[in-house]
Amino acid sequence: MVRPKAAHYDRVQEYPWEIRDALHEAGLFGVWIPKEYGGHGGGVLDLCLVVEELSRACGGVGVLFAVNALGSFPILLGGTDEQRAKYLPDIAHGKRLIAFGLSERNAGSDAGGVATNASDEGDHWLINGDKKWTTNGGAADIYSIFAVTDPTSRSRRISGIIVEKGDEGFEIGRSEDKMGIRCVPVVECHFRDCRVPKDRILGARAGMGFKHAMMTLDNARPGVAAQAVGLAQGALDLATVYTTQRVQFGKSISSFQMVQAMLADMAAQVEAARQLVYAAARACDAGAKNVTKLAACAKLFATDVAMKVTTDAVQLFGGYGYMRDYPIEKYMRDAKITQIYEGTNQVQRMVVARNLVKEAGRLDHLKAFIPLPDHPNTIADQERSEAATAGA
Ligand SMILES: Cc1cc2nc3c(=O)[nH]c(=O)nc-3n(C[C@H](O)[C@H](O)[C@H](O)COP(=O)(O)OP(=O)(O)OC[C@H]3O[C@@H](n4cnc5c(N)ncnc54)[C@H](O)[C@@H]3O)c2cc1C
């Protein structure tokens, strides 16, 4: 269903409702949602397996599916029981689609700098501002958005708020013309005195939005990484088939050692990325402590692999790989976004390094073996001093 339609939806840049219907009929929208809210109770690993498989055929369809997890995680991880009971069953049953609106024109990597604000008007919130790059916007019925509810607070400035299609003052704006993942819409969302009931604020109290957004990204980044693994595997599959069929110098090009080395490196990188993604997904499901670092490692490693492997796959197709008549260039275009969204890979490296430094205290026992330059205390120094003492 997905592969035969991939080129068409990429060309026309339209939401593939027939594919959404097929995913719905297969019951896949409930994969990551707990059974008590109508899902299959599978968690992040199961989500990753589905995203990987879909992305192997079309990266756009992979994100079309995964973005519903991204949008629903703020409710699942930060919402009240009532909010979970109200929204998650419809998402699990594929009746309603959901989007995640954090980024703004001037708040991308610096997500804490969002300017969209929601003021407390007694029995309702009044939202004003604009969101940029909302994936699934327009197709979605529910939006988990993040707005400033207390501009005076440093730590509790932002809250997650649920906005629904049809809410007064909420409008979908321009839809982007994209390099890849073209079948899924990425839009601007506008809020002009948008009025939502008081109980739409995520969680028991306002001000938890930044925490909810970060928890969401920890759980969603393995999904982006799984999209990358699927894209890389899909490109490797096509390159393997092509190189065994394409004949030059009277032989299939797969018989040339340089081509074989490329295929082997691609396969090793895809498998390494896959194992890291599964490890991160399992850590999320187990509620492990180091999940932020591991999820960021998986996202940056797998998406860099996807970019490298899809580019090498185009190379193995030669000139034909550069042509839109062939399915391989789409993999390279679809792969690029995985290095950018849900935090660029520079941001992932910042997250990993920050966590490494934070954890450095656990390695204090190693200090004795690493003398600082102005405190000569090398093992050789110690041995010399012991020898001197023994001699004395
Ligand atoms: C197709 C698409 C879909 C998207 N979907 C969504 C969505 O559904 N919901 C949502 O909320 N957002 C979404 N986004 C937004 C996406 O998460 C942001 O684009 C991304 O976080 C980067 O922000 P920016 O584009 O403003 O780039 P900038 O933050 O301006 O970054 C520009 C460059 O500077 C680098 N940079 C920035 N700060 C630092 C730093 N401190 N150190 C080193 N390098 C740095 C970046 O890595 C990048 O290379 C989407 C974006 C795109 C393009």
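**View 1. The side chains of Tyr9 and Glu18 form a polar contact of 2.5 Å.** A polar contact is a pair of N or O atoms within 3.5 Å; within protein, one must be able to donate a hydrogen and the other to accept it, and residues adjacent in sequence count only if both atoms are side-chain atoms. This is a predicted model, in which local features need pLDDT of at least 70 and side-chain atom pairs count only at pLDDT 80 or more, while totals for chains, interfaces and linings use all residues. Residues are numbered from 1 along each chain as its sequence is written, and side-chain values use heavy atoms, with hydrogens and water left out. Tyr9 sits in helix H1; helices (H or I, at least four residues) and strands (E, at least two) are DSSP runs, numbered from the N terminus. Tyr9 counts as buried because its relative accessibility is 11%, where buried means under 20% relative accessible area, exposed over 50%, and partly exposed in between (1.4 Å probe, protein chains only). Beyond its neighbours within four places in sequence, Tyr9 is in contact (heavy atoms within 4.5 Å) with Glu14, Tyr15, Pro16, Glu18, Ile19, Arg182 and Cys183. Pro74 is 65 residues from Tyr9 in sequence, and their C-alpha atoms are 29 Å apart.

**View 2. Gln13 occupies the loop between helix H1 (2-12) and helix H2 (17-25).** Most residues other than glycine have a negative phi. Gln13 is not a glycine, yet its phi is positive, at about 55°. Its relative accessible area is 23%, so Gln13 is partly exposed.

**View 3. The protein chain as a whole has 11 helices and nine strands.** Its C-alpha atoms fill a box of roughly 85 × 70 × 40 Å, taken along the principal axes. Of the 392 residues in the protein chain, 51% are buried. Among contacts with a separation of 6 or more, 72% are between residues 24 or more positions apart. The chain exposes about 18,600 Å², of which carbon and sulfur atoms supply 56%; accessible areas come from the Shrake-Rupley method with a 1.4 Å probe, and for residues only the protein chains shown count as cover.

**View 4. Ile127 is one of the residues with the most contacts inside the largest nonpolar core.** A nonpolar core is a set of buried Ala, Val, Leu, Ile, Met, Phe, Trp, Tyr and Cys residues joined through side-chain atoms within 4.5 Å. The largest has 112 residues, and Trp32, Phe65, Val163 and Val277 are also among those with the most contacts inside it. Helix H6 (residues 209-245) gives the most to this core, with 15 residues. Apart from this core lies another, of five residues, including Ala296, Val347, Val351 and Val352. Ile127 itself, leaving aside neighbours within four places in sequence, is in contact with residues including Thr116, Asn117, Ala118, Ile145, Ile161, Val163 and Phe191.

**View 5. Gln227 is a residue of helix H6.** Gln227 counts as buried because its relative accessibility is 2%. Not counting residues up to four places away in sequence, Gln227 touches Val51, Ser55, Gly59, Val63, Ile181, Thr338 and Tyr341.

**View 6. Gln339 lies in the loop between helix H9 (328-336) and helix H10 (345-358).** With a relative accessible area of 14%, Gln339 is buried. Its side chain makes a polar contact of 2.8 Å with the side chain of Asp304. Setting aside residues up to four places away in sequence, Gln339 touches Asp304 along with Lys299, Thr303, Met307, Thr344 and Asn345. Glu342 is found in the loop between H9 and H10. Glu342 has a positive phi of about 55° although it is not a glycine, and its relative accessible area of 18% makes it buried.

**View 7. Ser109, in the loop between E1 and E2, and Glu342 are 233 residues apart in sequence but 8.9 Å apart in space, C-alpha to C-alpha.** Ser109 is exposed, with a relative accessible area of 57%. Apart from neighbours within four places in sequence, Ser109 is in contact with Thr344 and Val347. Asn106 is placed in the loop between strand E1 (98-101) and strand E2 (117-120). Asn106 is exposed, with a relative accessible area of 72%. Between the C-alpha atoms of Asn106 and Lys131 the separation is 9.8 Å, and the two residues are 25 residues apart along the chain.
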